[in-house]
Amino acid sequence: MESAYQFLVAPFVEFEFMQRALAGAILLALGSCPIGVFLMLRRMSLTGDAMAHAILPGAAVGFLLFGLELVPMTIGGLVAGVVVALGAGAVSRLTVQKEDASMAAFYLISLALGVLIVSMRGSSVDLLHVLFGTVLALNDDALFLIGGISVVTLVSLAIFWRALVAECLDPLFLRSVSSLGPPVHFLFLGLVVLNLVGGFQALGTLLAVGLMMLPAAAARFWTTRLEPLCLLAIAIGIASCVAGLLISYHASLPSGPAIILSAGIVYLLSMIIGPRGLIPTRLRPAAHRTA
Amino acid sequence: MSDAAITFDNLTLGYNSHPAVHHLSGTVTRGALTAVVGANGSGKSTLMKGIAGILKPMAGAVQVNNKARMAYLPQGTELDRSFPARVIDLVSMGLWPRRGLLGRYSRSDWQKVEAAIAAVGLVGFEARSLDTLSGGQLQRALFARVVLQDAELILLDEPFNAVDQRTIADLLALMQHWHREHRTVLVVVHDHDLVRQHLPEALLLARRPIAWGQSAVVLNSENLAKARHFDEAWDENAPWCAPGEHAHDHVHDAPHAHVHHDHGHHEHGHHDLHKGAA
């Protein structure tokens, strides 16, 4: 018992930076994970990845002008993310090009631009910071930002839930009964950007998308209903954060990758043993029922 | 209160400057049960999209009497069957016109959902997930959603595709029930015999309107021959359609259709062909 306490609880009791990291990670999972579920269901899993790259040049401009400061880098990231989301969305709606192609084009341009801008001022250490985050160095401002983003995300999801579901399940139906389709699509992309920007404070641009997508993908192996899917994704996200922080603390490993790898392990296990995973679907009895 | 559920005024719909429905005028009377027939590429689905407001007209106009009370069931639907939803989730989407984004579903709403599911013969399927349904079962569920929408105007785009005889009979009975309730129904169908036997009126399209009226008359051999001879391919060098350039084509047997083929004229009744339904 004693050693379990020492291993699991003590780090969070004794060190304030661990408490802050835990709070930040949990707040982030609350918003990011359900967003990830909707991204996955819309077959936009890779869009999250693309958007994570897209916010880089904005954050980099903030960094270039003000150094490693939360507010300018956040605003820069938001602006870049929204520009890319709107741009890709507009290209796919106004031209024959599909959204995946336009998204890829925009994010590649963005990523190159971002790396270029960071390299104009910073060292490779700074670049690593922007890319891989600092969950162990969250200050009050960052925590408030992440908390605010979670609240905005959860409230928006609650209000627009019915429209979001309809837009995923049967977009033409939504268009025939309501004009909410396009605004809800852009609201959703906005929430993706917002959560990635929140995530990049804690985990960095590259790993923020991991906390968004891995819990969602893992949860899909366990349930066929939407609401449990979102709740399970959040639970997996929070558990991964706790596990990742502990591993990072005890083994002196970088915290961001430890969190994402924890989520990765949950994903792999779910894929193998989840009710919709490999083993249960392969091991069904060969006999069949009469009806 | 006008007697027209839909009014087409020299309506042209299409894509990339090419017309798919060319100069359609006329009215669909309230309570009519009309089949929309024609070959592949003749503009049937395009017309449905135009009426539903999903495709904007290239020229002319389409007026729907009460847009808020319209139900549109697209062809094959863009429905994502892998989405984690049950039959009851899909059907209850039909409550949207009544409850919108935020309205709570009341006990009586859920009773209506149950009744709609029963009306299409899917009792017992409520909790089945969509990816386990057959094509016919899914079509029944979509019809249940239409039932729930309680629409005045119902647009059905090829609802009988890949659906077995028994399901067709059931869905057809439902349509006739809607007809008796004086709802206006437009349905895209390929089976001419089915149209002759069960659907009182028909609109025959071949990119342009060929005939409109009593289905037995519309689907006569002369009209069908005419409908077969249209060019399915677009002509990239086709001249621009300008007022006053076209020869007059006569449309037969159109009780409430006036089909303009002199593209400049907008006055109603100018070339109307009021033979009247028997």
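Trainee: Which residue forms a salt bridge with Arg183(B), and how far apart are the closest N and O atoms?

Mentor: Arg183(B) pairs with Glu181(B), and the closest N and O atoms are 2.8 Å apart. A salt bridge here is a side-chain nitrogen of Lys or Arg within 4 Å of a carboxyl oxygen of Asp or Glu. Keep in mind that this is a predicted model, where local features need pLDDT of at least 70, side-chain atom pairs count only at pLDDT 80 or more, and totals for chains, interfaces and linings use all residues; side-chain values use heavy atoms, with hydrogens and water left out. Residues are numbered from 1 along each chain as its sequence is written, while chains are lettered from A and ligands numbered from 1 in the order in which they are written.

Trainee: Got it. Is Arg183(B) buried or exposed?

Mentor: Arg183(B) is buried, at 16% relative accessible area. With a 1.4 Å probe and protein chains only, buried means under 20%, exposed over 50%, and partly exposed in between. Glu181(B) counts as partly exposed, at 35%.

Trainee: How accessible are Arg69(B) and Asp150(B)?

Mentor: Arg69(B) is partly exposed, at 32% relative accessible area, and Asp150(B) is partly exposed too, at 31%.

Trainee: Let's switch to domains. How is chain B divided?

Mentor: Domain 1 of chain B is 1–66 + 152–278, and domain 2 is 81–150. Their contact takes 15 residues from domain 1 and 9 residues from domain 2. The bounds come from an automatic or database domain assignment, and contact means heavy atoms within 4.5 Å.

Trainee: What area is buried between domain 1 and domain 2 of chain B?

Mentor: About 930 Å², with carbon and sulfur atoms giving 66% of it. On the domain 1 side, Leu171(B), Leu174(B) and Trp178(B) lose the most area to domain 2, together 40% of what that side buries. Buried area is the accessible area (1.4 Å probe) that two parts lose on being put together, summed over both.

Trainee: And how many polar contacts are there between domain 1 and domain 2 of chain B?

Mentor: There are 4 residue pairs in polar contact, both residues at pLDDT 80 or more. On the side of domain 1 that touches domain 2, β6 (153–156) and α6 (165–180) of chain B each supply at least two residues. The largest share, 7 residues, comes from α6(B). A polar contact is a pair of N or O atoms within 3.5 Å; within protein, one must be able to donate a hydrogen and the other to accept it, and residues adjacent in sequence count only if both atoms are side-chain atoms.

Trainee: How many salt bridges are between chain A and chain B?

Mentor: The count is 2. In one salt bridge, the side chains of Arg43(A) and Asp80(B) meet at 3.3 Å, N to O.

Trainee: Last one: where is His23(B) found?

Mentor: His23(B) lies in strand β2 (residues 18–29) of chain B. His23(B) is buried, at 6% relative accessible area. Its side chain makes a polar contact of 2.8 Å with that of Asn10(B), and another of 3.2 Å with the side chain of His22(B).

Technical notes: Helices (H or I, at least four residues) and strands (E, at least two) are DSSP runs, numbered from the N terminus.
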